[in-house]
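Visitor: I have a model open here and would like to talk through a few of its details. Could you take my questions as they come?

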Amino acid sequence: MELVEGLAVIAICGIVTLFTRAFPFMVFKDGDRLRPGISYLGYALPAALFAMLVVYCLKDVDFMDGVYGIPEVVSILFTAALHVKWRNMILSIVGGTAFYICLNYILTLL
């Protein structure tokens, strides 16, 4: 891929991402009452997405081989504890990922 093509792809991805982030704010203006269904989705989707992410992360873990999925389960518990303590999504995601990587690295040294 040439430089111009790469820059075009990055620009298009940036524009599409910006549009998808701004679209709800264009549709639902300040002061508009949201339908109950939309409010419910705003409440329920974050937890549902995290549950789906946990299932996806564990789908290829072999609990009968090697370290028996211990790094994955411990990392999930650590991530949950971070989130319960500080209620910060970014901290939970970055902290849990860093903990999992460090734990896997330590286990490969053993």
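Predicted model: local features only at pLDDT ≥ 70, side-chain atom pairs only at ≥ 80, totals over all residues.

Visitor: Is S92 buried or exposed?
Guide: S92 counts as buried, because its relative accessibility is 2% and the cut-off for buried is under 20%.

Visitor: And what does the side chain of S92 reach?
Guide: The side chain of S92 reaches the backbone oxygen of N88, at a distance of 2.9 Å.

Visitor: Switching to aromatics, how many pairs are there?
Guide: The count comes to two aromatic pairs.

Visitor: Where do F19 and F23 lie?
Guide: Both F19 and F23 belong to helix 1, which covers residues 3-27, and they are four residues apart, about one turn of the helix. F19 is partly exposed, with a relative accessible area of 47%, and F23 is likewise partly exposed, with a value of 41%.

Visitor: What about F78 and F99, how are their rings arranged?
Guide: F78 and F99 form a stacked aromatic pair, with 4.2 Å from centre to centre and 15° between the planes. Because F78 lies in helix 3 and F99 in helix 4, the pair ties together parts that are 21 residues apart in sequence.

Visitor: How accessible are F78 and F99?
Guide: F78 counts as partly exposed at 30% relative accessibility, and F99 counts as partly exposed at 27%.

Visitor: Which ring does the charged end of K85 sit over?
Guide: The charged end of K85 sits over the ring of W86, at 5.7 Å from the centre of that ring.

Visitor: Now pockets: how much space lies in the largest one?
Guide: The largest pocket holds about 610 Å³ of space. It is lined by 22 residues, of which F50, L53, V54, I76 and T79 are the closest to its centre.

Visitor: Which elements give two or more residues to that lining?
Guide: Those elements are helix 2 (36-58), helix 3 (70-86) and helix 4 (89-109).

Visitor: And what is the lining of the largest pocket like by class?
Guide: By class, the lining of the largest pocket consists of 14 nonpolar residues, six polar residues and two charged residues.

Definitions and conventions: Residues numbered from 1 in each chain as written. Heavy atoms only, no water. 1 Å grid on protein atoms, 1.4 Å probe; cavity = no way out; pocket = protein on both sides within 12 Å on 5 of 7 lines; lining within 4 Å. Points joined across faces, edges and corners; volume = space filled by probe spheres on them. Nonpolar A, V, L, I, M, F, W, Y, C, P; charged D, E, K, R; others polar. Phe/Tyr/Trp six-rings, centres within 6.5 Å; stacked < 30°, edge-to-face > 60°. Buried < 20%, exposed > 50% of the residue type's maximum accessible area, 1.4 Å probe, protein only. Lys NZ or Arg CZ within 6 Å of the ring centre and 35° of its normal. Polar contact = N/O pair within 3.5 Å; in protein donor to acceptor, adjacent residues only side chain to side chain.
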